[in-house]
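Here is a short briefing to read alongside the sequence and the model. Keep the viewer open and follow the topics in turn.

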Amino acid sequence: QVQLQESGPGLVKPSQTLSLTCTVSGGSITTNYYYWSWIRQPPGKGLEWIGYIAYSGSTYYSPSLKSRTSISRDTSKNQFTLQLSSVTPEDTAVYYCARGFGRPNALDAWGQGTLVTVSS
């Protein structure tokens with residue numbers, strides 16, 4: 001059974017870059033037809049999809065965040081990473097990594113989520 005675990009700083013200062021890593025166990029991130037996403041939920045708001053990296057290594061980002069987002073992977077460690085630059089307090093949220101099969105939004109596994117607060 002696949003497991004996903006987010007890791008990274010819980011506090012980031014405004015204007016800095018938020019960096020989170022998702023470590024995947026029980027399945028390879030290069031296995032065909034799987035998509036590996038980052039999703040966030042600000043306090044009191046709904047889920048917001050940030051973007052994904054596909055099994056092929058291709059990436060896609062939400063248009064609203066595209067200019068500030070980069071998702072990459074380390075296949076040797078079976079990890080994928082989110083970088084979100086120039087953060088503001090509005091980027092404060094619980095950040096989740098998740099897996100989709102066949103389609104990026106056909107999510108079938110989630111990490112537990114990690115709270116990132118943007119504050120000076």
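**Salt bridges, sheet, core and rings**

Arg99 counts as buried, at 13% relative accessibility; buried means under 20% relative accessible area, exposed over 50% and partly exposed in between, with a 1.4 Å probe and protein chains only. Its salt-bridge partner is Asp108, with N and O 3.0 Å apart; the term stands for a side-chain nitrogen of Lys or Arg within 4 Å of a carboxyl oxygen of Asp or Glu.

This is a predicted model, where local features need pLDDT of at least 70, side-chain atom pairs count only at pLDDT 80 or more, and totals for chains, interfaces and linings use all residues. Residues are numbered from 1 along each chain as its sequence is written, and side-chain values use heavy atoms, with hydrogens and water left out.

**Salt bridges**

- Four salt bridges are present in the structure.
- Asp108, the partner of Arg99, is partly exposed at 42% relative accessibility.
- Arg40 and Glu48 form another of these bridges, their closest N and O atoms lying 2.7 Å apart.
- Within that pair, Arg40 is buried with a relative accessible area of 5%, whereas Glu48 is partly exposed at 24%.
- Arg68 and Asp91 also meet through their side chains in a salt bridge, at 2.9 Å from N to O.
- Arg68 sits in the loop between β6 (59-61) and β7 (69-74) and Asp91 in the loop between β8 and β9, so this pair ties together parts that are 23 residues apart in sequence. Strands here are DSSP runs (E, at least two residues), numbered from the N terminus.
- Asp91 is buried, with a relative accessible area of 2%.
- Through shared partners, salt bridges join Arg40, Glu48, Arg68 and Asp91 into one network.

**The open sheet**

- Four strands make up an open sheet in the order β1-β3-β8-β7, with antiparallel pairing; two strands pair if DSSP finds at least two bridges between them.
- The edges are β1 (3-7) and β7, each of which pairs on one side only.
- On average, neighbouring strands of this sheet are turned by 20° against each other, direction ignored. The axes behind such angles are lines fitted to C-alpha atoms, and angles run from 0 to 180 degrees between N-to-C directions.
- Six bridges connect β3 and β8 in the antiparallel sense.
- Ser19 stands opposite Gln83 in β8.

**The nonpolar core**

- The largest nonpolar core has 26 residues, and those with the most contacts inside it are Leu18, Trp36, Trp38, Phe80 and Tyr95. Such a core is a set of buried Ala, Val, Leu, Ile, Met, Phe, Trp, Tyr and Cys residues joined through side-chain atoms within 4.5 Å.
- At least two residues of this core come from each of β3 (18-25), β4 (34-41), β5 (48-54), β8 (79-84), β9 (93-101) and β11 (114-118).
- β3 gives the largest share, four residues.
- Which residues does Leu18 touch, leaving aside its neighbours within four places in sequence? Leu18 is in contact with Val12, Leu82, Gln83, Leu84, Val87, Tyr95 and Val116, where contact means heavy atoms within 4.5 Å.

**Aromatic pairs**

- The structure holds 11 aromatic pairs. Rings of Phe, Tyr and Trp (its six-membered ring) pair if their centres lie within 6.5 Å; planes under 30 degrees apart count as stacked, over 60 as edge-to-face and the rest as tilted.
- One of these is the tilted pair of Tyr34 and Trp36, 6.2 Å from centre to centre with 40° between the planes; both residues are buried.
- Tyr34 also meets Phe101: the ring centres are 4.9 Å apart and the planes at 50°, so this pair is tilted.
- Tyr34 lies in strand β4 and Phe101 in strand β9, so the pair ties together parts that are 67 residues apart in sequence.
- Tyr34 is buried at 17% relative accessibility, while Phe101 is partly exposed at 43%.
- Tyr33, Tyr35, Trp49, Tyr52, Tyr55 and Tyr60 are linked by ring pairs into a cluster.

**Backbone points to check**

- Most residues other than glycine have a negative phi.
- Ser15 has a positive phi near 80°; Ser15 lies in the loop between β2 (11-12) and β3 and is exposed, with a relative accessible area of 58%.
- Tyr33 has a positive phi of about 75°; Tyr33 is placed in the loop between β3 and β4 and is partly exposed, at 46% relative accessible area.
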